[in-house]
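Thank you all for coming. Please keep the sequence and the structure in view while I talk.

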Amino acid sequence: MIVQRVVLNSRPGKNGNPVAENFRVEEVNLPENINEGQVQVRTLYLSVDPYMRCRMNEDTGSDYITPWQLSQVVDGGGVGIIEESRHTNFTKGDFVSSFYWPWQTKVILDGSILEKVDPQLVDGHLSYFLGAIGMPGLTSLIGIQEKGHVTAGSNQTMVVSGAAGACGSLAGQIGHLMGCSRVVGICGTHEKCLLLTSELGFDAAINYKEGNVAEKLHELCPAGVDVYFDNVGGDISDTVISQMNQNSHIILCGQISQYNKDVPYPPPLPPAIEAIQKERNITRERFLVLNYKDKFESGILQLSQWFKEGKLKVKFPHLRTMPQLKAMPAP
């Protein structure tokens, strides 16, 4: 059986911007037989995530992310349906998900890396298992639970950068659900700001490409910032940290503004901002959701419940996988 896959064709360089030519689509033969413990699956959805930029480098700069190899199929979060099984936990027709799903139209996988998913939890929207009821949702929920120190009734203000993205759009909603009295998002267009405030329940939004962010933040967060859900790093985060309160907390989710730069993760703060962090006893610890696998099951159920009750809105786009790939010859 001939299937299509996406492989890493070249690396952009540690400080380079990715281009389409860094990838290549090719056709390969899928083995006719599968071994005991394996399944054959058809890919339905794939997730494209910011951390994948680091995997394009020979050295990811992190101890928990492995680099993609040249001329090898790339992988990430995926959802698919089992077409053939020789694993005791799975049968034909089961829907499954994995963090290590190859970008391939059909693939033979070891059943041990797969989790069965229940379409009823997402009202049939299987792609949500790669979003609100999946890794981004878990990252937002567990990040706030573990690093945000949100206490209902304590009148806390949360700021979210990258607020219209997969994690940010959920984090702001979850912040409210968990007890924050005010949530302000930072994003890059007027349309995104409108989405945050009119549909996702944010109290206010700032377009960082227009006007003075520091002034806007001071206006919209008059009592200062108690919790900062940081997706971007860089100048935006420096501005937010400068307005954070004593004993406040940073949820270090991502640093997307730094991913095309050769810097360690998490990137160090400028000396003046680091001084503010220390003087005000602001926590800023690396957060890795994979360290909390024992909370995944309860987290998925909570996210599903909020979604079904209409309390958690899902607005970010999903990528439908590869039905119409155009294969290119290998070099």
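Predicted model: local features only at pLDDT ≥ 70, side-chain atom pairs only at ≥ 80, totals over all residues.

Residues are numbered from 1 along each chain as its sequence is written, and side-chain values use heavy atoms, with hydrogens and water left out.

A nonpolar core here is a set of buried Ala, Val, Leu, Ile, Met, Phe, Trp, Tyr and Cys residues joined through side-chain atoms within 4.5 Å, where buried means under 20% relative accessible area with a 1.4 Å probe, protein chains only. The largest such core has 47 residues, and among those touching the most other members are Phe129, Ile133, Phe229 and Leu303. Helix α8, residues 296-308, gives this core its largest share, five residues; helices (H or I, at least four residues) and strands (E, at least two) are DSSP runs, numbered from the N terminus. A second, separate core has 21 residues, including Ile206 and Cys221.

Turning to helix α2, residues 135-148, we find that 11 of its 14 residues are buried, among them Pro136, Leu141 and Lys147. Its buried residues pack against several elements, including α3 (166-178), β12 (244-252) and α8, with contact meaning heavy atoms within 4.5 Å. Just after α2, His149 takes a positive phi of about 50°.

Finally, an unreviewed UniProt entry lists residues 5-117 as "domain: Oxidoreductase N-terminal", and such annotations may be inferred rather than shown by experiment. Over residues 5-117 the chain is 4% helix and 41% strand.

Note on methods:
Buried < 20%, exposed > 50% of the residue type's maximum accessible area, 1.4 Å probe, protein only.
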